2 protein chains.
Amino acid sequence: MDRYETLIPRPVTARGEAGTFELTRDTALVAAPGAEDAADAVRLLLAPLRLPLRPASDGTGLVVRLDPAVGGPEAYHLRVTPDGVELSASSVDGIRHATQTLRQLLPDAAWRSAPPAGTRWLLPCGTVSDAPALAWRGGMLDVSRHFFGKHTVMRYVDLFAMHRLNRLHLHLTDDQGWRIESRRYPRLHEVASHRPTTQAWYERQDRTDGTPHGGYFTLDDLAEMSTYAADRGVTLVPEIDLPGHASALLAAYPELGVGAHTVRSGWGISEAVVKPVPATVRFLTDVLAELTDALPGSYVHLGGDECLLRDWTTDPDVTGYMNTLGITDPVDLFGHFLRELAGYLSSRGRRAVMWDEGYVGGGALPDTIVTAWRGDGGARRGGGAADDVGRWPVYPTYFDYDQSDGADEPLSIGGPVTLPDVTAFDPAPADWSDTERAHVIGVQFQAWSEYIPDARHLDYMVFPRACALAEVAWTGGATANFDARLAGHLGRLSAAGCGDRPPPKSERGRRRADGTPIARVRAHLEKLSAHADVPTSLVSM
Amino acid sequence: MDRYETLIPRPVTARGEAGTFELTRDTALVAAPGAEDAADAVRLLLAPLRLPLRPASDGTGLVVRLDPAVGGPEAYHLRVTPDGVELSASSVDGIRHATQTLRQLLPDAAWRSAPPAGTRWLLPCGTVSDAPALAWRGGMLDVSRHFFGKHTVMRYVDLFAMHRLNRLHLHLTDDQGWRIESRRYPRLHEVASHRPTTQAWYERQDRTDGTPHGGYFTLDDLAEMSTYAADRGVTLVPEIDLPGHASALLAAYPELGVGAHTVRSGWGISEAVVKPVPATVRFLTDVLAELTDALPGSYVHLGGDECLLRDWTTDPDVTGYMNTLGITDPVDLFGHFLRELAGYLSSRGRRAVMWDEGYVGGGALPDTIVTAWRGDGGARRGGGAADDVGRWPVYPTYFDYDQSDGADEPLSIGGPVTLPDVTAFDPAPADWSDTERAHVIGVQFQAWSEYIPDARHLDYMVFPRACALAEVAWTGGATANFDARLAGHLGRLSAAGCGDRPPPKSERGRRRADGTPIARVRAHLEKLSAHADVPTSLVSM
């Protein structure tokens, strides 16, 4: 075990053996019968070593074997002897994890796209057997509040794969920008993807930076990112946030809502909500059809969070439709609307995912995954029913929050969420019922981007907390002695070009003038948490 | 020819043949004897097609052949018939160009890292023979004024290779930041790589954005980028700007200069200059040793531009050293200093490159390349001697300048340099002497980054002007009918993720309040150009 300083250690069993094995230009890549695709996956992940890894049908080298006896869909077995390396798993995903562990055992240069001259690829002999505790290990990038292009997303795919994170959730739409091309409704990318300026300071929407901001992914971009991710064992999870957070959508297609809207330049919760009438549902299912045609993944997140339903009580289209349906409470209409979209996704072979307000508002179908952010009320209620629950409470999974209370932290939306907060995170606490615990399918971090203007700042906010979350997700529980392992991992992050170096304190940026926002956010979250059984729409924001 | 809508057309000869050839999973990659490395280069560049391209020793498919009879070091011949494809060249670089032309003939998705489902790789039959007119076809990224990480640089390597640009010049040091790790002098990266704030508005150094900025490349990062570039036929050209532009260097090691210095947060020309005494030369050759050990390329740019020598007339160390050397004019000491560094580079097997002030100040050795930015005086004087001359005058190669005089252009340092300005650029004008013309080795664009804060803005400023410059560099003269070819090329840029789309007008950002900077910059440049025979240091700035 001490030979294998893996970042994600439990339930690793490692047995030390004497000696080393060196990967060289003569090392062959040997696919056991039926393991050709798995060997291709190994070749892709080891391409940075710049070794030929010529295929061979027998002999020694890197032997890749698919073996159903290696239990669990992502479990793997890795053995290094002086004569060669064997990677075995029941799936290609397991082989990918074995390959990443192999890279961890090599010099840090294995995480570069090309190594410095003279690098030798020496592996210590030994055995590692490992498997993840949780099936959903992920992170969310908010590309609406600030747009990050496809190269940044694909770089994050690489970082996710390195950390065995297997779900990359893209928050593609919000009040501040719609980031998906639509061939059927082109105003979505022509109009809804750009705003003229951006709020510059927390809670002061009158102060903006005067700089237009925008961008979107074409459907081909989404297909490309999805394939790139799938090749590395990562599933892209797109989110279209509905029925609230709709300012950008309604700026482009005002007939879907009430009143006039613009793509928002400021933060906070808007009152923009789509009218949940059949014409809107048709429009949105058209958009979901385009999205699911482009993206082959298994999931689509439908949002359902922070939705103010005031327009629905006054608009005659909506009230008339409620009469038709025999619905009197707008919350029931909210649930009806989300169920319609979730049902459409089911018909396309996808599972809907929604924030916990959508679930407690009645929007979930039996196969819907609930992602609980407002404390544990929604998570436990979801876990008591037939649903799968993703548990990502604000504390400690919101990585847009400060990493410390230090005066030199950059401007952010709140905080802190410290590294020890993350390592202490227990995805399925012992004081929950067995049923509640059993329904927790995983955890992920959230990188909301109101105060993350570019990819370099994104790295600063996400790492190294994402390393800790990856351990929690892999092991299924709080992780101890993390700091020592992290010290050995920073060289890998640096080699991967993550963060372009941990910046010195002087680099960390400006900070809001006083500490009030932190207290305000905490109070707000406590209120949300106390109302976890009702949709936020009924909570005064 | 009409079948081959290559962006870089002359001296292409294309002969139409009937039919198509489709690259499929069954297509083999056939290396003729001795062309194994060339076939590897083809495989690397075609990896995005996601075809196995299995090696085969005979048979049809993609046949790669090294043939000395294909004239010129970068010339190539490409032939597509219904039975297969043949790429031939006298060098691997030529084979790379043939491969990029092959990609141009495929659907735009060939420029993605993975194609959308259902993409078919159909090639029209025909023949292309092509060769570049100029040996140095490049661009400069200024990573000092704003730091761009290695992933951005490597993405630019891909864009350069796509456009047959073969020199990527990195301006690694300047007053506003030193971007190279030094194991021997760690304060270079610990201190000189960060500044506490950045000037926010043109010519108003009192207004700053309050945001620290910094970053640097490790020596391993530089080695990695260099290898990545070499694999794609691109040579990295690092620049350490000396003896002026030295604020960051002197903030870290004040003993190399006179007085106290800080890493500058504002733009313009500083008075920071190193003392050209032996201790400084030793320090700098140590730094050049680290750099050249890390980077295997053939060139190092030494700067030599915009240097104010006032400190040299008052500092007793410098005046004493001048007495020792028997030098009375500081300009002669300036030349002596640059020749010492250029000589050190020669001893390490590298050619020095320097801006034209360095040349007219006497700093060049016989193998030094002069890069003439201040009009044509320096270029023609250099071209009349034994030197190679890179001709990149501000107009039209400074791509940090506005692309139009439109009121919606983003804040920039000056302008405009329009796309027609670039297509009309003649690297070696007919009214120059034959000798002057013969010494022009090439052209490159410059992306100074005072007003280019991030990689997305960089794309906006560099493209599509870089496409036009690539044609000028390849063909050696002004290029006609460019707009029509560009229209067919935009889909490739989009597929490559360049610019994340040409932004609509509303996206182009803020603009300075009045037009005075443009007039001011023009007047300044006219003055510089009129004094092209003397170092800028003697011109009142």
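Visitor: Which residue of β19(B) is the bridge partner of V353(B)?

Guide: This is a predicted model. In it, three bridges join β18(B) to strand β19 (residues 369–372) of chain B, and the two run parallel. The bridge partner of V353(B) in β19(B) is I369(B).

Visitor: Which residue of β18(B) stands opposite V300(B)?

Guide: Look at strand β17 (residues 299–303) of chain B, which is joined to β18(B) by three bridges. These strands run parallel. Opposite V300(B) stands A352(B).

Visitor: Why is strand β18 of chain B largely enclosed by the rest of the structure?

Guide: A residue counts as buried if 20 or more other C-beta atoms lie within 10 Å of its own. Strand β18 of chain B spans residues 351–355, five residues in all. It is largely enclosed because the number of its residues that are buried is four.

Visitor: In what order do the eight strands of the chain A barrel close?

Guide: The pairing in this barrel is parallel. Neighbouring strands are turned by 25° against each other on average, direction ignored. The order is β8-β9-β16-β17-β18-β19-β20-β21.

Visitor: Which strands of this sheet does helix α12 of chain A touch?

Guide: Helix α12 covers residues 377–384 of chain A and packs on the sheet. Its direction makes about 160° with that of β19(A). The strands touched are β19 (369–372), β20 (388–391) and β21 (440–447) of chain A.

Visitor: What is the bridge partner of L141(A) in β9(A)?

Guide: Start with strand β8 (residues 136–142) of chain A. Five bridges join β8 to strand β9 (residues 167–171) of chain A, and the two run parallel. In β9(A), L141(A) has as its partner L170(A).

Visitor: Is the crossing of α7(A) and α10(A) left-handed or right-handed?

Guide: Helix α7 (residues 278–294) and helix α10 (residues 330–347) of chain A have axes that come within 11 Å. They cross at roughly 35°. The crossing is right-handed.

Visitor: How do the residues of that contact divide into nonpolar, polar and charged?

Guide: From α7(A) come V281(A), L284(A), T285(A) and L288(A). From α10(A) come E340(A), L341(A), Y344(A) and L345(A). They divide into six nonpolar, one polar and one charged.

Visitor: How many contacts does the model have for residues 9–13 of chain A beyond four places in sequence?

Guide: Chain A has a mean pLDDT of 87, and 87% of its residues reach 70 or more. Over residues 9–13, though, pLDDT stays under 50. The contacts beyond four places in sequence number 10.

Notes
Residues are numbered from 1 along each chain as its sequence is written. Chains are lettered from A and ligands numbered from 1 in the order in which they are written. This is a predicted model: local features need pLDDT of at least 70, side-chain atom pairs count only at pLDDT 80 or more; totals for chains, interfaces and linings use all residues. Two strands pair if DSSP finds at least two bridges between them. Axes are lines fitted to C-alpha atoms, for helices over the stretch in contact, and angles run from 0 to 180 degrees between N-to-C directions. Two residues are in contact if their C-beta atoms, placed from the backbone, lie within 7 Å. A crossing is left-handed if the near helix is turned anticlockwise from the far one by less than a right angle, and right-handed if clockwise. Ala, Val, Leu, Ile, Met, Phe, Trp, Tyr, Cys and Pro count as nonpolar, Asp, Glu, Lys and Arg as charged, and the others, Gly among them, as polar. A residue is buried if 20 or more other C-beta atoms lie within 10 Å of its own, exposed if 12 or fewer, and partly exposed in between; C-beta atoms are placed from the backbone. pLDDT is the predictor's confidence in each residue, from 0 to 100.
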